[in-house]
Amino acid sequence: MTMPAPSTTAVPVAPQATPRDRLDRPLRDLRISVTDRCNFRCTYCMPKEVFGKDYPYLERKALLSFEEVVRIARVFKGLGIEKIRLTGGEPLMRKDVDKLIAMLSDIGGLDLTLTTNGSLLARKAVALRAAGLKRVTVSLDSLDDAVFKAMNDVDFPVAKVLEGIDAAVAAGLKPIKINMVVKRGVNEHSIVPMARYFREQGHILRFIEYMDVGHTNGWRMDDVVSAREIVDMISKEMPLQPADPNYTGEVAERWHYKDGSGEIGVIASVTQAFCRDCTRARISTEGKLYTCLFATAGHDLRALLRNGASDDELNTFVKGIWTRRGDRYSEIRSEKTVKLEKIEMSYIGG
Ligand code: SAM
Ligand code: SF4
Ligand code: SF4
């Protein structure tokens with residue numbers, strides 16, 4: 001079968017009524033994983049014992065090409081999405097990712113952002129901004145080198161991530177958000193110093209409860225430091241008050257410093273599930289569509305693309321999947337669901 005020419009030109013995408021799933025949730029955000037590889041081995045995401053030298057990463061031909069990614073993005077734009085986040089693995093390890101960003105920017109009308117471990121940001125920030133990226137989220141789990149190195153497990157120093165953040169600021173990427181995953185007994189002592197530092201820097205720090213994504217990180221409920229505990233810890237030193245969400249379905253619960261010096265966010269996906277407002281779809285590096293971060297199976301968009309499906313056929317396929325969606329994993333998490341063979345975070349992105 002001949003492949004249709006990919007429609008990646010900057011023709012405006014006509015929006016349709018956004019589909020709603022079985023729980024009446026619209027489709028609003030798309031997260032696209034652009035690589036399953038990473039230069040870190042965060043113990044909670046890609047533990048070294050599993051992601052070793054012989055780990056079977058995807059081959060190059062299995063990855064969606066930039067044209068395929070853009071074609072999928074346009075189909076989703078047609079279905080009403082407003083936001084695209086690139087993720088991975090480490091998205092800045094994907095060769096020429098700035099070219100992909102430029103192609104996605106050309107679609108227009110999308111809030112385009114990216115989550116990175118920051119290791120390559122100092123080198124790439126200017127090119128990313130020039131390609132049309134507006135803002136960025138950087139993950140950093142501690143300001144203490146010993147703690148951070150133990151968590152990234154590749155001896156990567158804090159200073160280089162901070163350099164990347166400074167480079168992003170200098171390149172005009174803003175606002176900058178910082179993600180910190182908190183694991184009990186590992187980095188909870190870093191919570192207050194991180195809050196203090198990023199309040200001074202004027203960046204929004206978001207604390208993420210450690211989640212049972214994938215099935216290789218040995219997650220236990222006892223390792224979770226709850227959002228409530230995190231807010232209490234910070235509030236003792238720097239009093240906080242709750243703030244309204246910026247929009248319905250915002251993942252982070254916002255808290256303002258009472259003295260007006262900024263805000264933090266807490267992502268309580270374990271202790272206060274927010275499935276009822278979940279408007280996110282995810283595309284894996286090899287083009288599978290997932291309707292939940294904790295899914296055990298995806299829907300093969302790449303096969304459709306490579307078998308010559310038209311944009312209308314893709315649109316109908318995605319719409320059908322979304323309207324049948326009933327995911328609410330975090331609300332029904334139990335001993336049984338924790339043991340399921342869920343897809344890995346590094347494969348689907350955060
Ligand atoms: N490599 C990039 C990074 O680390 O920012 C992007 C991909 S990473 C999978 C996306 C986000 O997921 C990061 O902020 C990371 O800290 C978070 N994450 C990974 N594993 C997690 C887990 N088990 N629980 C909570 N958050 C996790
Ligand atoms: Fe890599 Fe990000 Fe996972 Fe850490 S969290 S191993 S940086 S993909
Ligand atoms: Fe959305 Fe699934 Fe997370 Fe619930 S568990 S918020 S449905 S991704």
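Val138 is found in strand β4 (residues 136-139). Strands are DSSP runs of E with at least two residues, helices are runs of H or I with at least four, and both are numbered from the N terminus. Leaving aside neighbours within four places in sequence, Val138 is in contact (heavy atoms within 4.5 Å) with Thr116, Asn117, Gly118, Leu121, Val161, Ile165, Ile176, Lys177, Ile178 and Asn179. At 0% relative accessibility, Val138 counts as buried. Buried means under 20% relative accessible area, exposed means over 50%, and partly exposed lies in between, with a 1.4 Å probe and protein chains only.

This is a predicted model: local features need pLDDT of at least 70, side-chain atom pairs count only at pLDDT 80 or more, and totals for chains, interfaces and linings use all residues. Residues are numbered from 1 along each chain as its sequence is written, chains are lettered from A and ligands numbered from 1 in the order in which they are written, and side-chain values use heavy atoms, with hydrogens and water left out.

- His203 sits in the loop between α6 (191-201) and β6 (204-209). At 12% relative accessibility, His203 counts as buried.
- Phe66 belongs to helix α1. With a relative accessible area of 12%, Phe66 is buried.
- Beyond four places in sequence, Phe66 touches Arg94, Lys95, Asp96, Val97, Lys99, Leu100 and Met103.
- Phe66 and Leu104 are 38 residues apart along the chain, and their C-alpha atoms are separated by 9.1 Å.
- Glu253 lies in strand β8 (residues 253-257). Its relative accessible area is 31%, so Glu253 is partly exposed.
- Residues up to four places away aside, Glu253 touches Ile264, Gly265, Val266 and Gln272.
- Glu253 and Leu86 are 167 residues apart in sequence and 22 Å apart in space, C-alpha to C-alpha.

**Helix α9**

- Helix α9 (residues 311-324) has 14 residues, which should span 20 Å at 1.5 Å a residue; its end C-alpha atoms are 20 Å apart, which agrees. The expected span is 1.5 Å times one less than the number of residues.
- Buried residues in α9 are Leu314, Asn315, Val318, Gly320, Ile321 and Trp322.
- An α-helix has 3.6 residues a turn, so residues three or four places apart point the same way.
- The cover over the buried residues of α9 includes α1 (66-78), β10 (280-283), β11 (288-290), β12 (299-300) and α8 (301-306).

**Ligand shells**

- A residue is near a molecule if one of its heavy atoms lies within 4 Å of it.
- Around ligand 2 are Cys38, Phe40, Cys42, Cys45, Met46, Gly89 and Asn117.
- The ligand 2 shell divides into 5 nonpolar, 2 polar and no charged residues.
- Ala, Val, Leu, Ile, Met, Phe, Trp, Tyr, Cys and Pro count as nonpolar, Asp, Glu, Lys and Arg as charged, and the others, Gly among them, as polar.
- Ligand 3 is surrounded by Phe274, Cys275, Cys278, Arg280, Arg282, Cys292, Leu293, Phe294, Arg325, Asp327, Tyr329 and Ser330.
- The shell around ligand 3 has 7 nonpolar, 1 polar and 4 charged residues.

**Second largest pocket**

- The second largest pocket holds about 300 Å³ of space. Of the 18 residues that line this pocket, the closest to its centre are Glu250, Val251, Glu253, Phe274 and Asp277.
- Its lining has 9 nonpolar, 3 polar and 6 charged residues.
- A pocket is an open set of points on a 1 Å grid over the protein atoms alone, where a 1.4 Å probe fits, with protein on both sides within 12 Å along at least five of seven lines; lining residues have an atom within 4 Å of a point.
- Grid points are joined across faces, edges and corners, and the volume is the space filled by probe spheres set on the points.

**Backbone exceptions**

- Most residues other than glycine have a negative phi, and most peptide bonds are trans.
- A cis peptide bond joins Lys174 and Pro175, with omega about 0°. Pro175 is in the loop between α5 (158-171) and β5 (176-182).
- Asp153 is not a glycine, yet has a positive phi of about 60°. Asp153 lies in the loop between α4 (145-152) and α5, and at 23% relative accessibility counts as partly exposed.
- Asp155, also in the loop between α4 and α5, has a positive phi of about 65°. At 55% relative accessibility, Asp155 counts as exposed.
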